[in-house]
Structure formats: structure tokens, C-alpha cells
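Q: Please take a close look at the aromatic side chains of this protein and at their surroundings. How are they arranged?

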Amino acid sequence: MDLAVSESLDTIYCQDNNNYLKQFADGLIRKRRLLLQQLINSKYEFNMWVPSAGFFVLADISSIDIEEKFYHHEGSRLPKDYAFCMRLCKEDGVAAIPCSSFFGRGGNDNYVRFAFCKDEMSIMEAGRRLSEPEQLDSEQNILQLCPVAS
């Protein structure tokens, strides 16, 4: 049964250029390329992994220095990826996802995820914010590049 469904979807995807699945996949590929270009042109030196599926680009932040003040939150010391995400939110107005939350204590804290399942204008705005030095007045200006439950 699984093979039949897989082959049917593959046939539909490959033979009909106007179908929803192809348009959706092509849109994600376009948004992934756009996000990668924005991250490459940012003020940060990310090493990135290009996914073949999913909605996220994984960025290595091991070469990025983060000010000590971002490592502290509500009396706790944050892992590096959390500190970097705090810095992104507070200074650049862009949200990312710290990957150490997917590991146990003591796991690798040098990776963050950026989602590209957003509209192209949001991705372009994130790129602008990541390329310009700017200080935000409030957290209301945070552009969330991660999915938010409603």
C-alpha cells in the first residue's frame, strides 16, 4: 500500500506541472534559496547545511562571539545557542530556534535553526535586519522566522 501511494504521488508530481504538490514544493525550494542568500549576506559568519527536505536551515554558530550579557536569563546561564537566539531577538529582531533543546544536558550548543516556511517578504525583512546594525526599541518588532502555534 505504501509503495502504491508513493508511486502515485511521484507520478502526479512529475507529470503535472500545475498540481498543488509541485507548486508547494517549488515554493519551498524558492524560499529556502532566498533564506540561504539572506543568511550568506548577513553580518554573521554562519556555516550552513542545506536541507533536502523539511522547513529549516541549520546554521553553525561556533565561530560567532556572543556578549556575556546574553548568556544570563532569570538567574540561569544559557547555552550558547540560546544566548545567540536571545541576541538575535533583542538586537536584530529576528527569532531562531536553539538546537540544544533537542539534545540532553551537555549536548552540542553550536547550532540554531531558521525556518523558511514563511512568506518571501518576511524572509527578505529578516535578511535586511541581519545585515544592518540596529538596536530595537521593543520586543514587539521581533520578526519570527520560526513557526508559532496559534
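**Aromatic side chains**

A: Tyr20 is exposed, because its relative accessibility is 59% (exposed is over 50% relative accessible area, buried under 20%, partly exposed in between; 1.4 Å probe, protein chains only). The model is predicted, so local features require a pLDDT of at least 70 and side-chain atom pairs a pLDDT of 80 or more, whereas totals for chains, interfaces and linings use all residues. Residues are numbered from 1 along each chain as its sequence is written, and side-chain values use heavy atoms, leaving out hydrogens and water.

Six aromatic pairs are present in the structure (ring centres of Phe, Tyr or Trp, the last by its six-membered ring, within 6.5 Å; planes under 30 degrees apart are stacked, over 60 edge-to-face, the rest tilted). Tyr20 is paired with Phe24 in a stacked arrangement, with 5.8 Å centre to centre and 20° between the planes. Both residues belong to helix α2, residues 20-40, where they are four residues apart, about one turn of the helix. Helices are DSSP runs of H or I with at least four residues, strands runs of E with at least two, numbered from the N terminus. Phe24 has a relative accessible area of 40% and is therefore partly exposed.

A second pair joins Tyr44 and Phe46: their ring centres are 5.7 Å apart and their planes meet at 45°, so this pair is tilted. Tyr44 is buried, because its relative accessibility is 9%, and Phe46, at 10%, likewise counts as buried. Tyr44 and Phe46 belong to one aromatic cluster together with Phe84 and Phe114.

Leu21 also lies in helix α2, and its relative accessible area of 37% makes it partly exposed. Together with Tyr20, Phe24 and Phe55, Leu21 makes a nonpolar surface patch of about 410 Å². Patches consist of residues with over 30% relative accessible area and no salt bridge, like charges being joined within 9 Å and nonpolar side chains (Val, Leu, Ile, Met, Phe, Trp, Tyr) within 5 Å; a salt bridge is a side-chain nitrogen of Lys or Arg within 4 Å of a carboxyl oxygen of Asp or Glu. Areas follow the Shrake-Rupley method with a 1.4 Å probe; for residues, only the protein chains shown count as cover.

As for the setting, the protein chain comprises four helices and eight strands, in the order α-α-β-β-β-β-α-β-β-β-α-β from the N terminus. Of its 150 residues, 38% are buried. The chain exposes about 9400 Å², of which carbon and sulfur atoms supply 51%.
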